[in-house]
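Mentor: Please examine the sequence and the structure shown below. We shall then discuss them by question and answer.

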Amino acid sequence: MTFVIGPLTRTDLVRYQGASGDFNPIHHDEGFAREAGLPAPLSLGMLQAGLLATWATDRFGAENVRAFRVRFAARVFPGDTVTCDGEVTARRTGADGEALLDIEMTCTKQDGTVAVYGWATFATDEDE
């Protein structure tokens with residue numbers, strides 16, 4: 001089950017800026033972004049990380065998150081479409097006997113470039 005979002009718009013970036021409280025002009029001001037050497041305002045990396053978290057929690061349940069981390073790998077701009085996907089890489093038992101799933105995820109741009117890598121651990125029923 002993949003999660004496809006886009007194409008992202010400038011409005012998407014500004015809405016996320018408002019929600020996150022990160023008002024760096026590089027994410028909404030065309031002139032500022034160009035002066036910084038970018039072709040357009042840059043998406044906030046945490047937007048893509050949040051999309052990965054949405055993919056994972058929709059699939060495994062927000063109440064089951066035990067760990068979540070990301071690594072930013074590529075820039076995302078308005079007009080890009082991103083796809084979030086992942087796979088279970090391990091089933092194990094935690095120190096307290098809880099059944100756990102380890103997940104590796106990617107948020108990939110339309111050209112195949114990975115924008116964000118993610119890793120998560122979720123509690124699970126033993127039957128999953």
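**Strands, helices and contacts**

Trainee: How many bridges join S4 to S5?

Mentor: Strands (E, at least two residues) and helices (H or I, at least four) are DSSP runs numbered from the N terminus. Two strands pair if DSSP finds at least two bridges between them. S4 and S5 run antiparallel, and the number of bridges joining them is nine.

Trainee: What kind of model is this?

Mentor: Residues are numbered from 1 along each chain as its sequence is written, and side-chain values use heavy atoms, with hydrogens and water left out. Local features need pLDDT of at least 70 and side-chain atom pairs count only at pLDDT 80 or more, while totals for chains, interfaces and linings use all residues, since this is a predicted model.

Trainee: In what order do the elements of the protein chain run from the N terminus on?

Mentor: The protein chain has three helices and five strands. From the N terminus on, their order is β-α-α-α-β-β-β-β.

Trainee: Which residue takes a positive phi in the hairpin of S4 and S5?

Mentor: Strand S5 also provides Trp119, the bridge partner of Glu104. In the hairpin of S4 and S5, four residues lie between the strands. The residue there with a positive phi, near 95°, is Gly112.

Trainee: Which residue in S4 stands opposite Ala90?

Mentor: S3 and S4 run antiparallel and are joined by 11 bridges. They form a hairpin with five residues between them, and Gly97 in the turn has a positive phi of about 90°. The residue of S4 that stands opposite Ala90 is Asp102.

Trainee: Why is S4 described as largely enclosed by the rest of the structure?

Mentor: A residue is buried under 20% relative accessible area, exposed over 50% and partly exposed in between (1.4 Å probe, protein chains only). S4 is largely enclosed because, of its 11 residues, the number buried is nine.

Trainee: What distance does H3 reach from its first C-alpha to its last?

Mentor: The expected span of a helix is 1.5 Å times one less than its number of residues. H3 has 16 residues, for which 22 Å is expected. The distance that H3 reaches is close to this, at 23 Å.

Trainee: Which elements are included in what covers the buried residues of H3?

Mentor: The buried residues of H3 include Leu47, Leu51, Leu52, Trp55 and Phe60. An α-helix has 3.6 residues a turn, so residues three or four places apart point the same way. The cover of the buried residues of H3 includes S1, H1, S2, S3, S4 and S5.

**Rings and cysteines**

Trainee: How many aromatic pairs does the structure hold?

Mentor: Rings of Phe, Tyr and Trp (its six-membered ring) pair if their centres lie within 6.5 Å; planes under 30 degrees apart count as stacked, over 60 as edge-to-face and the rest as tilted. Trp55 and Phe60 form an edge-to-face pair, 6.3 Å centre to centre with 75° between the planes. Phe60 and Phe122 form a tilted pair, 5.2 Å centre to centre with 40° between the planes. The number of aromatic pairs in the structure is three.

Trainee: How many residues apart in sequence are the parts that Phe60 and Phe122 tie together?

Mentor: Phe60 is buried with a relative accessible area of 10%, and Phe122 is buried with 1%. Trp55, Phe60 and Phe122 form one aromatic cluster. Phe60 lies in helix H3 and Phe122 in strand S5, so the pair ties together parts whose separation in sequence is 62 residues.

Trainee: Over the face of which residue does Arg69 lie?

Mentor: A charge sits over a ring if NZ of Lys or CZ of Arg is within 6 Å of the ring centre and within 35 degrees of the ring normal. Arg69 is placed at 4.4 Å from the ring centre, over the face of Trp119.

Trainee: How far is the sulfur of Cys84 from the closest cysteine sulfur?

Mentor: A disulfide is a pair of cysteine sulfur atoms within 2.5 Å, and a search of the whole structure finds zero disulfides. Cys84 counts as buried at 0% relative accessibility, and Cys107 also counts as buried at 0%. The closest cysteine sulfur to that of Cys84 belongs to Cys107 and is too far for a bond, because the distance is 3.9 Å.

Key. Contact means heavy atoms within 4.5 Å.
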